Each structure stands twice: as structure tokens, then as C-alpha cells.
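Please look through the structure below with these notes beside you.

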Amino acid sequence: MFSNISKTKWFSLLLLIVLTAAYVAVEKVYAQFDFNAFLSNSISDEEIDGIMGSEWNDAGNHADMPIEPSATAQIWTKHDGTYLYIAMQFTVDSTNPWVTFQFVNPNHMSSGTDGAIFGHDTLGPNEYRDISFEGLGSISADSNQDGVGAIFVGPSNIITVEMKKPLSSGDSTGDDIEWTVGTIYPLIIRWDSNGGGSSGGTSNHRSGPLSSRTVFINSNEIPEFSALTLFIVMITLTIFIIILKKCRVHQQTYTTTN
Ligand SMILES: [Ca+2]
Ligand SMILES: [Ca+2]
Ligand SMILES: [Ca+2]
């Protein structure tokens, strides 16, 4: 009987190791992108105000994400099937910075690439603009401004950016994205202190690496509890129940024979 219990224990341990390895492997495949835009509740235009609120509670929340040319940001991503939502917060070295998102093309400022810019003194001071990149050093604001956005520089130069942008606006002249759910897309985030120091700060968007991140337009809502984790917990509990039962049978047999 003891040897049977021992075999059960070893089998349980082996099963647990295999399941853990499978879980790690699946998690690794699942994480082949930087930002997870979960299917979420819609955000009204009025809530895109430069202030983080509960409207972002059901978004993918990514802390300590490096952005270029130099900063670490907290970034939230979600969508509602019609609009893509991105928010970010980080500390800047200026009271008048600008921030830009580049969508679709991973090459920096590639011609004909959709983008968004916040707080650019020429295109829209302290505001959002739907833009198109026209090659290195060239940006134009779309004739058809789609989506809404906000930028706010708070105390201690902590900046908040919020954006609500159509996944597919139909505006081809503005090179707007036509993104579909269940797909991974490139996303480049850059910022600039602005004014070569005249607004304070030394961050220059032309410097630093040309890193491209990726965002996954997830067809699922943010999970409260991973289905895979639940499966592993159930298996583990089942194994422990089996072991417990076998131990009781062994104890009863030992008591009867003695
Ligand atoms: Ca808000
Ligand atoms: Ca547009
Ligand atoms: Ca555009």
C-alpha cells in the first residue's frame, strides 16, 4: 500500500511540473506583444480630459514601460470594437513637452503612416491632433480630424496623455489605421521637451533608439482569473484529494490489521 501512495505522489509531482511548464510556455507565447488592448467599456469624449479615472480600470495596465528617447511610463490600452484607447503617465523635464504615437509602420516617421500628436506648439498647443507622417522631419495634420485626445502636465511635471481613436475611420487621405480585432500592430511612442531647452528639459525626440513596440487588439475582456490558472488549481486540488483519500484508506487498513 505504501508503495502505491508513493507512486501517486510521484505521479502528482510529475503532473504538476508538466502543467507548470505548459503554463509558462503558453504565457510566453501569449506575451509576444508589449501592450494588451483588452475589449472594454467605451469611454466618452468628455472623459478624455487628461485626468486618469475609473474609465481605465478595465484596460491593460503596463507599468515601467520604456519610451523614447528616455523615460519610463505607465501605459493603459483598451478598445471597445470601434475605438482604440491609450493613456499614459510619466515624468517629463519640461512644462511644455509634446508626445507622439506612430501606428502601423515600425520605421520611424515613414511616409504615409498614421499618427497622433499631443501638445505640439505648431500643430496644436496643449491639444491632440490626428496626423500623418510624411517622412523624416515632416508631419501634417489630417483634414479629417478623427478621435479625441488630451495632454496635461501636472505637479512635479507628471504628464498625462489620453487618446480615443477610431480603429477604422475610413480616412485614407489622413492615412488612418484600419485595425481589426485579434491582431498585433506596431506602436512607436516618442516625446520631446520642446524648444531645445527654451521650455526646460533636454529630451530630444531625434535622439535615442528607434524602438518599436507592439499592441494586441484583444478580442477578450481583461480576465479576473486566468482560465489556465484555474485549470491548474483544479488539477492540483484533485490530486491532493486523491492523495488524501489514499492516505485514509491506508490508515484504515493499518488500524484494521493491528
Ligand atoms: Ca480621463
Ligand atoms: Ca484622420
Ligand atoms: Ca491620421
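1. Two residues are in contact if their C-beta atoms, placed from the backbone, lie within 7 Å. By that rule, 63% of the contacts with a separation of 6 or more in the protein chain are between residues 24 or more positions apart.

2. This is a predicted model, in which local features need pLDDT of at least 70 and side-chain atom pairs count only at pLDDT 80 or more, while totals for chains, interfaces and linings use all residues. Residues are numbered from 1 along each chain as its sequence is written, and chains are lettered from A and ligands numbered from 1 in the order in which they are written.

3. The protein chain has 2 helices and 12 strands, which are DSSP runs numbered from the N terminus (helices: H or I, at least four residues; strands: E, at least two). Along the sequence their order is α-β-β-β-β-β-β-β-β-β-β-β-β-α.

4. Of the 258 residues in the protein chain, 30% are buried, a term for residues with 20 or more other C-beta atoms within 10 Å of their own, the C-beta atoms being placed from the backbone.

5. Why is strand β5 (residues 98-103) described as largely enclosed by the rest of the structure? It is because 6 of its 6 residues are buried. In a regular strand the side chains alternate between the two faces of the sheet. On one side of β5 the buried residues are Trp98, Thr100 and Gln102, and on the other they are Val99, Phe101 and Phe103.

6. Strands pair if DSSP finds at least two bridges between them. β5 is joined to the antiparallel strand β11 (residues 184-192) by 6 bridges, with Val99 opposite Trp191. β5 also pairs with strand β6 (residues 113-118) in the antiparallel sense, over 4 bridges, and there Phe101 has Ala116 as its bridge partner.

Definitions and conventions
Buried ≥ 20, exposed ≤ 12 C-beta atoms within 10 Å, placed from the backbone.
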